[in-house]
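Hello,

Here is the structure I promised to pass on to you. Please have a look at it first, and then read my notes below.

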Amino acid sequence: MNTKTLKVVNQPVAKMDALGLACGEPAFTDDVDLKGLLCGKILWSPHAHAEIKKIDVSEALKVPGVKAVLTYKDLPRVPHTTAGQGYPEPSPYDTYTLDNKVRFVGDRVAAVAAETPEAAHEALAKIKVEYKQLPAVFDTFEAMKDGAPAIHDEPDSKNIPDAKHNIAAKFDFEVRNGDWFKEADFVLEHSWKIPYLQHCAIEPHVTIASFDHFGRLVLRTSTQVPFHVRRIVAQALKIPVKKIRVIKPRIGGGFGSKQEVLLEDITAALALKTGRPVKIEYTRRETFVSSRTRHPSTVRMKAGVKKDGTITDAEMEITLNTGAYGSHALTVMMCSGSHTLPFYKVKNNIRFIGRSVYTNMPVAGAYRGYGATQGFFAWESLMDMMAEKIGMDPVEFRRMNYIRLGEGSPVFKAMGEGREGVEQVITSTGLLEAIDKGLAEIKWTQKTVKYRNQSGPIRRGLGMACMMQGSGIPEVDMAAATLKMNEDGSFNLLIGAADLGTGSDTILAQIAAEVLGIKTDDIIVYSSDTDVTPFDVGAYASSTTFISGGAVKKAAEKVREMIIEVAAKILDEKKENLRLEGGKAVSKNGASCSLSEVANTSLYYYDQHQITASASHFAHTSPPPFQANFVEVEVDTETGKVKILDYVSCVDCGTAINPQLAEGQNDGAVLNGISHTLSEEMEFSSNGTPLNASFRRYKIFSAADTPPVRTFIIPSWEPNGPFGAKSVSEIGINGPLPAVANAIYNACGVRLCDAPFTPEKVLAAIKKKD
Amino acid sequence: MTHIKYYAFPQTVNEALALLLNKKYKAMAVAGGTLVAKTLPDTVETYLDLKNLPIKGIKISGGNLIIGAGASFDEIDHSKLCRSWAGGVVSSAAAKCSSQLIRNMATIGGNVARPHSFNIFPVVLLGLDARVKVVSKAGAKTVDFAGLYAPGFGLKPGMECIITEIIIPAKTKKWRCEFIKLAKTESSWESYITLFFAAQKEGKTITQARVAVGALSPKPFRASAAEKAFLSGGAHNAATAFAMELDSARAGEYRSVAAANLLKRFIKGLV
Amino acid sequence: MKKNNILEVKNGVFEITLTINGEKLVLSTKNGESLLDALRRWGLKGVKKGCDTGDCGSCTVIVNGTPVLGCLVPAVAAHDGDIITIEGLGTVQKPHPIQKAFVEAGAVQCGFCIPGMILSSKHLLDRMPNPSEAEIRKALDGNLCRCTGYVKQIEAVKMAAKRLR
């Protein structure tokens, strides 16, 4: 199969919401004015670990305009997870909407709702809390020791494997084919570290809770997971699912931080208490401290390699800091191995040892890349180290070992997301072409020669890194779509899939349009609203194109059959002789009728019925997209400044449903990764207080900081995906850390293993080497 | 900000000063308002907005480069006069201030009025022997830039006096200068260190040398030992002296080493 | 001090006169209210709040010809001012060429930073009809975007520049 016959898919159709957004149309959660809206605010813990001995809200309630103050005493105590994952969630149930214990600086203590922000702030200041401070622990390795403070010592939390040692999640597995490292000519071992990193979606988290005229709770919220929000809020507040409606309007970026029930439960609780609409909007500082982060990690890898380039053994031990709660603790940890270890053939032994550890630090969660970022930093750095050790070109070494079409890995079966995985083989790959394209674009060969003999303080170097990700979670993720036909031959496409800025509404419309032989603008897309749109797990795990796209394609195919059925009657023609094309049902003999005639016939004249269909999709495999990244850097060896001169990212995402949007996904992911690599890091005082919780001090790259980023889409055809498509959204973020580390090594002979590679760290490494 | 009773936008310096000195108003002058607008002290009751004062122009007068205190970073960045002065160092320093939107709003006067480690201009003005014109109860006077932050100055800019002009002396017009913001990224607000290097060359001889250091503390300083070694000729000696000075200023190893390397590079680049 | 050069708060409110998107208005602003909060309260939701500390540029509005950070400007300081917000630049029915270019170049992902970025672009193109890529990057460096890597936004500004020349 190929893309040549496609008319709408694989075309750069303009993103359907772009013009409205570019004109400032009020499309986001906070862009509505509700009468009588109260302002909700949360009181945050000033302590890293403390018990609330006494909490007195009487003075707060006296502040004029204050309508409610909630503490743990006012709410049901329901252990749950905030992770917006499929049910039952693989994350421990260790969170309470409000608790009598606080576990990090920035944990919830109480919540208020007031007529004005000023009154809400005044009320917060008047809540009297008596804390009993508890010993706190900030380091994962300290936290696992005997006698460390137990962060989750409450008896009612569930699914914590070892609360005494603060282990929120653990997973070990081994594939054994003989003695470890027996065949290896060289054994290399090293550790890599990633700090606390923030998503930095420019729209802060915001939720508005109100009531419809049936008295049902309506949550308008900035979320990637509307259906999980509905389920988890129902669980946490003990209200029936049918009493909740969740609306996802336009979302100002998520990157994983909005795959979380972060504000919806407490905003809903305030609304239920006051009977009034309530809004809680995080400040930027709150977004940094009290939303979610990437899991800081230490990844130790040890691998054996033969002189001929065979990788004999590979061991990965990952220790993640999940902070005070175990949101995504198990799954991120498992993905750090399951997305990385199968990528290269390992002849004999593979071992994975994973721990996610509680500390009295901000809570980690889902973040674009989802563990693969941490894993590939180690694996792809180690690949370069091994290549150097055996004197092989790093590109050749990778070419020799990466997973080929038709090949599988024992890791796929052994490691899923939070449970056993699914056996699969690679059914599409464009990695070889991606590598070749990247080599040519970065001018690898010429520059490698040119940079061999450099002098002076400014040194240039090249680096590369390859990777794969997944496309949805096999046998876990499910999406559904509904299409319904209108009189003019247009269609409503109702989807639970949560477009959070990615353009999924547009690409899903393209898929439907392709099947129905119409233009994309004849599809009116609505996403997502739990009252109106069918179920979808949401926008995460690189699933939307593959899983939701599969559902849309199926629904469109059903609708196509219904249209042909009616057209066959109109044209007096056999169904098998009809096809849909150019907004018409066309017969082999050239006769045709317009879709609007079909619609009108079905609605008003003959065997009256609404042409509409719903379909669901889930998958038994998760076909990985592949990527080859190449980077040229310049290192000032006298200041430690690293400048990226060129970054080339070649991505095989199967068929790009919309090449322009696919490029945009990758560009953004790459820059986020570059920003991680050279700049970003949350800093903390010795008592766990965040020190740089602002865009001024936690520096994400601006347009002026950004080097040339060049994305190339490498087409392949994935037989299990809609029109050959795989995912594209996450993979690009994983490249910069190892690629830049490899390039710095190539430029000046120092290996950076501790992100970010700040001038200070680079200069220290250079000094250590000399 | 909620304590504000008056919002004033005087048209002349005298009007502004009168308001500032009138006890009734408890006024504080705000220029660009990027750093202070959200953090006015609660005691301030009048927001004295200087935006309409005729103190924005950039001109040459008596051979000196005169920058009106109300000139924004963006105006200075794009000013032909600034771009042609001392190799354009004043403009390129202005361009290194965090972001275009801040550069549109922030002014040079505001940037020097209150000392802050990450302000851009103080280190440049110190190194260029700049003078500052201030207007106070006692009338207008011109002081060395260095004197503005000295304990003896006695007039709080924006509270007791208004800065109206920055005067960059004629002698610096042909100086070879460099401003460096050593930071994680180009548009970082924070920096490890800011450096201003300058040299006046007559033939092959260096007749004037400036090594100024910012970002380590709110007040920039000149590295006198480094300047002395710079004058006596050796890039290596100057760098060594500079590293020692930075070390004793508790700059830490990274800043000391990197800054000394940059000074060495600057001096070598002069030949 | 001339009377008309000073405003006094009454009942916690300043009454100000200003022009927004070509319309002259008399409005009241609460003491301490930022221009960002006031504009949103007055219904101009295209002005976004991303940080409220002057670091992200989502609240960019053009005041008297210059793009500024609406979160740092007290609304009262907009008295006598001429303000252009994204809503004043163009509409879905009649978009400005820069807005069209952003759509066509694929520069809009989540769209939250886009109004600010377009206003910064407008100011750039007003004064520099043929900017270099470095000049575009510099002019947009106050408008943070986490979605796009700025790649297609820079293409969009180049595209718009060409069309506007």
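**A buried glutamate, and what surrounds it**

Glu573(A) counts as buried because it has 20 C-beta neighbours inside 10 Å. The cut-offs are these: a residue with 20 or more other C-beta atoms within 10 Å of its own is buried, one with 12 or fewer is exposed, and anything in between is partly exposed, with C-beta atoms placed from the backbone.

Before going on, a word on the source: this is a predicted model, in which local features need pLDDT of at least 70 and side-chain atom pairs count only at pLDDT 80 or more, while totals for chains, interfaces and linings use all residues. Residues are numbered from 1 along each chain as its sequence is written, and chains are lettered from A and ligands numbered from 1 in the order in which they are written.

Back to Glu573(A), which sits in the loop between helix H15 (544–571) and strand E22 (578–581) of chain A. Helices (H or I, at least four residues) and strands (E, at least two) are DSSP runs, numbered from the N terminus. Leaving aside residues up to four places away in sequence, Glu573(A) touches Ala568(A), Leu578(A), Ser587(A) and Ala591(A); contact here means that the C-beta atoms, placed from the backbone, lie within 7 Å. Ile167(A) is 406 residues from Glu573(A) along the chain, and their C-alpha atoms are separated by 67 Å.

**Domains and sheet of chain A**

The domain assignment of chain A gives domain 1 (18–26 + 478–618) and domain 2 (32–134 + 200–290); such bounds come from an automatic or database domain assignment. Taken over C-alpha atoms, the centres of these two domains of chain A are 37 Å apart. Their contact takes 17 residues from domain 1 of chain A and 22 residues from domain 2 of chain A. On the domain 1 side, the residues divide into eight nonpolar, six polar and three charged. In this scheme Ala, Val, Leu, Ile, Met, Phe, Trp, Tyr, Cys and Pro count as nonpolar, Asp, Glu, Lys and Arg as charged, and the others, Gly among them, as polar.

Chain A also has an open sheet of seven strands, in the order E3-E5-E1-E13-E10-E11-E12 and with mixed pairing. Two strands pair if DSSP finds at least two bridges between them. Strand E3 (66–70) and strand E12 (244–247) of chain A stand at the edges with a single partner strand each, so one side of each has no neighbour in the sheet. From one strand to the next, the twist averages 20°. E3(A) and strand E5 (residues 108–114) of chain A run antiparallel and are joined by four bridges; Leu70(A) has Ala111(A) in E5(A) as its bridge partner.

Two helices lie across this part of chain A. Helix H5 (residues 226–237) of chain A lies across strand E11 (217–221) and E12 of chain A, at about 150° to E12(A). Helix H6 (residues 264–274) of chain A runs at about 130° to E3(A), and E3 and E5 are among the strands of chain A that H6 lies across. Axes are lines fitted to C-alpha atoms, for helices over the stretch in contact, and angles run from 0 to 180 degrees between N-to-C directions.

**Chain B**

For chain B, the assignment gives domain 1 (6–48), domain 2 (58–171) and domain 3 (173–268). The centres of domain 2 and domain 3 of chain B, over C-alpha atoms, are separated by 20 Å. Here the contact takes 22 residues from domain 2 of chain B and 24 residues from domain 3 of chain B.

How many residues do chains B and A bring to their contact? Chain B gives 15 residues and chain A gives 16 residues. Helix H11 (residues 252–269) of chain B gives the most to the chain B side, with six residues.

Chain C has six helices and six strands, in the pattern β-β-β-α-β-β-β-α-α-α-α-α along the sequence. Of its 165 residues, 64% count as buried. The C-alpha trace of chain C spans about 50 × 30 × 30 Å along its principal axes.

The contact between chains A and C takes 47 residues from chain A and 44 residues from chain C. The largest share of the chain A side, eight residues, comes from H17(A).

Best wishes
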